[in-house]
Amino acid sequence: MIPALRFDGVTFSYGAVAVLHGLSFAITPGERVALLGKNGAGKSTVVRLIAGLERPGEGTVWVGDWNTRDCVPEQLAWRVGSVFQHADQQLFARTVREDVSFGPRALGVGEPEVERRTDRALADLDLTAHAGHHPYDLPPALRKLAALAGALALEPALLVLDEPTIGLDRALRARVTRALLDRSAGSVALLVITHDLTFAAETLERGLVLDRGSLACDEPLAGLLGDVTRLEPLGLAPPPVAALSVALDLPGRPVRAADAARALARVARGRPGP
Amino acid sequence: MTGRRLHPFTLLAIAGALPALAWILPAPAGGACTAAVALVLTASRGLRRGLWPAVLTAAPFWVFLRLLHDVPTTIAIGLRITTMVASFVWLAATLAPDRLVEATVARGWSVTAAYLFAATITAVPMLRGRARRIVEAQRCRGLSPRGSLGNRLRALRALALPLVLSALHDVDERALALETRGMVSGARRTPLAPPPDSAVERAARWALLVACVAALIWRLK
Amino acid sequence: MNSLTLERVSFWYPATEAPALRDVSLEVAQGEIVALVGAVGAGASTVLLAAGDLAPRLTGGRIVGTVSRRERSAIVLPTPWTQVSGLAFTVWDEVAFGPANLGWPTHEIARQVDRALEHLELGPLATRDPATLSGGELQRVIIAATLAMDSGLVLFDEPAAELDAEGARKLWRLIRVLAKEGKAVLLATSALDALPDVADRLVWLEDGAVRAVGTPELLADVAACDAGLGTSVATVWGASGLPGPYPLTVAHAVRRWR
């Protein structure tokens, strides 16, 4: 099976400043990966390389079986849906629906298909009620969701998101989690840059940690997020649910809230009463 | 660019005197001289930042004029417009907005007016940065800047609209945000690094003003 | 001594029928950290704008009730790039922009700027052009610029949004230092898990009105958890079906568990 995304010894510099050193990893269809690390570690550069906005200095970035060196961003839009930071600034159409349908229409997909993809993307993020509104009439948090819907509507094989949850409250973050899990069940690969380890725990399954341009860590989040000794040198801290699992020694050391609640209930039932 | 930096007011005086003289002095010789001076100034800022933008911005005017007027009139007005455009491009590339505000503050004049002028100059690189980000985001959604005319117009709309909308939205927020940084009208600002002025420059500025007035009087006689 | 008092404040943005704030009353004392929590759109940002004398003066709109301040206020907006002056070509000058506008003597400006840069660990970036900074770096610069204005009342709107985990931790520590220095702090944040260690009091806003006021223990209330405003630990405890009161943090949970 061809990986949805593969970095092969990628090195990249902005002018004289080296940003990525020999980065190699692969993501399979349906896999949900978090790209973690301190600010300045090179995460946004990874996104730009995948979108085709930059070419690697050395090595190759493969999106499916396409070498990004041979592609321009508008071609890669067939396979990759990218949402950058401050995506709420890219909205332009008169209505949210029109903006979301911009992507599939630009790809030249037939009108009925454009409608279907737009409706699905809006529904996935509970934005259908706002579909007829002007984007700038919405609060910034909902504009961010509209920008995400625009990427979902491309129905790409790979979704690459840069900090999708900044400015969102818990309810809106839950919407994003649901939408992403739903797509991943349909074999869409996910690569999400995030500082929000709680969101990562709920939504993603594997963690790639970048440290000064190199891969410091590539492992399942379930184990990584509870391990203070691994996280601390990388400037990260276990999210509360993972820390709770460790502190209470819950079986399976769950990192997701629902799993932790179930484990907690099970253990509590088995304990002698107070 | 080597040499000591000129005082901001001197830069303003030059950028104001050239277009003024272009319109006052008899065409086409007057316009030709001032346009030549203005273009040389833009060239001193380099091809990319100076000469090219000046030429690119002035060119459509020449085309438009030729459609409306005969050749002599086109040349006469075209040279004047070129002077104006080139002077402004040179000013935008040379004048450091912070120095202008500092110079204004050092004189004890209102900082808000200076800031507004300075902000229009800094708006350009900021908008350019944002425009680049918007172009990238739209290309990643499949927008191709190539292709048929219909395609290109759609592309333009997808690029220009978000730029304008978010910029306008920002202006709203910025006016508020500036107040949060203490920019209240009537406030007396402390100059941090007032640009040095010299008697020579002051004299030169007066001389430019006198030259413009003299030229005006001479033309009106 | 209250640095800020809102008394039964209702506020309407221009050309909007529904009020953004309904009958909101709250105080912030010197040396106190009060946090505003609520869903997106609940009114936290509007409270901060009213507290900072920006609404309705600059936003337009209509206000009912009184807002009294005993101190000069400074605000950090959630969009740091709009607060950049556009006139400074180094971080040092950017941070000095506010103090200079206040007309202070140059030695005082230098003192405040150096102190603010130190607080935010911006020394290495002091000579950089603000236009080249990342979102997180810019947010720290704007926070430093706000602190340099040495106001007695400091307002923060989602100050940690663009920061990474370490940056956020340092920011919360800094906010506690500010309170110890005697400043009054009012902050809006969705980083609920950080609040037990930061805030002295919480104000829970819902649809523009105050639903509850209390200590951070509020985030362990059944009602808060049901509304999605509990800490992660409290929410998990509640979801497991264990009886209340729910523990607020991991440390509380461990104590309860024994």
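**D207(C) occupies the loop that links β8 (201-206) to β9 (209-214) in chain C.** Helices (H or I, at least four residues) and strands (E, at least two) are DSSP runs, numbered from the N terminus. The model is predicted: local features need pLDDT of at least 70, side-chain atom pairs count only at pLDDT 80 or more, and totals for chains, interfaces and linings use all residues. Residues are numbered from 1 along each chain as its sequence is written, while chains are lettered from A and ligands numbered from 1 in the order in which they are written. Although D207(C) is not a glycine, its phi is positive, at about 55 degrees. D207(C) counts as partly exposed, with 15 C-beta neighbours inside 10 Å. On this scale, with C-beta atoms placed from the backbone, a residue is buried if 20 or more other C-beta atoms lie within 10 Å of its own, exposed if 12 or fewer, and partly exposed in between.

**E155(A) is found in the loop between α6 (140-152) and β7 (158-162) of chain A.** This residue is not a glycine, yet its phi is positive, at about 45 degrees. E155(A) is buried, having 21 other C-beta atoms within 10 Å.

**Strand β7(A) is mostly covered, with 5 of its 5 residues buried.** The side chains of L158(A), V160(A) and D162(A) point one way from the strand, and those of L159(A) and L161(A) point the other way; all are buried. β7(A) pairs with strand β6 (residues 80-83) of chain A in the parallel sense over 4 bridges, where pairing requires that DSSP find at least two bridges between the strands. V80(A) stands opposite L158(A) of β7(A). β7(A) also runs parallel to strand β8 (residues 189-193) of chain A, to which it is joined by 5 bridges. L190(A) of β8(A) is the bridge partner of L159(A).

P28(B) is placed in the loop between α1 (8-24) and α2 of chain B. P56(C) belongs to the loop between α1 (44-51) and β4 (62-69) of chain C.

**Helices α2 (residues 29-43) and α4 (residues 71-94) of chain B have axes that come within 8 Å and cross at roughly 25 degrees.** α2(B) is therefore roughly parallel to α4(B), the label for angles under 35 degrees; those over 145 count as roughly antiparallel, 65 to 115 as roughly perpendicular and the rest as oblique. The axes are lines fitted to C-alpha atoms, for helices over the stretch in contact, and angles run from 0 to 180 degrees between N-to-C directions. The crossing of α2(B) past α4(B) is left-handed, a term used if the near helix is turned anticlockwise from the far one by less than a right angle, with right-handed used if clockwise. Residues making this contact include A35(B), A38(B) and L39(B) of α2(B), together with L79(B), A86(B) and W90(B) of α4(B). Two residues are in contact if their C-beta atoms, placed from the backbone, lie within 7 Å. The contact of α2(B) with α4(B) divides into 10 nonpolar, 6 polar and 1 charged residues. Here Ala, Val, Leu, Ile, Met, Phe, Trp, Tyr, Cys and Pro count as nonpolar, Asp, Glu, Lys and Arg as charged, and the others, Gly among them, as polar.

**Chain B has 8 helices and 0 strands.** Its C-alpha atoms fill a box of roughly 60 × 55 × 35 Å along the principal axes. Of the 221 residues in chain B, 37% are buried. Among the contacts in chain B with a separation of 6 or more, 72% involve residues 24 or more positions apart.

**Chain B meets chain A through 17 residues of chain B and 19 residues of chain A.** On the chain B side, α6 (111-139) and α7 (149-180) each supply at least two residues. That side has 8 nonpolar, 5 polar and 4 charged residues.

**Chain A meets chain C through 31 residues of chain A and 31 residues of chain C.** On the chain A side, α7 (170-185), α11 (240-247) and α12 (257-270) each supply at least two residues. α12(A) gives the most to that side, with 7 residues. The residues of chain A that touch chain C divide into 21 nonpolar, 7 polar and 3 charged.
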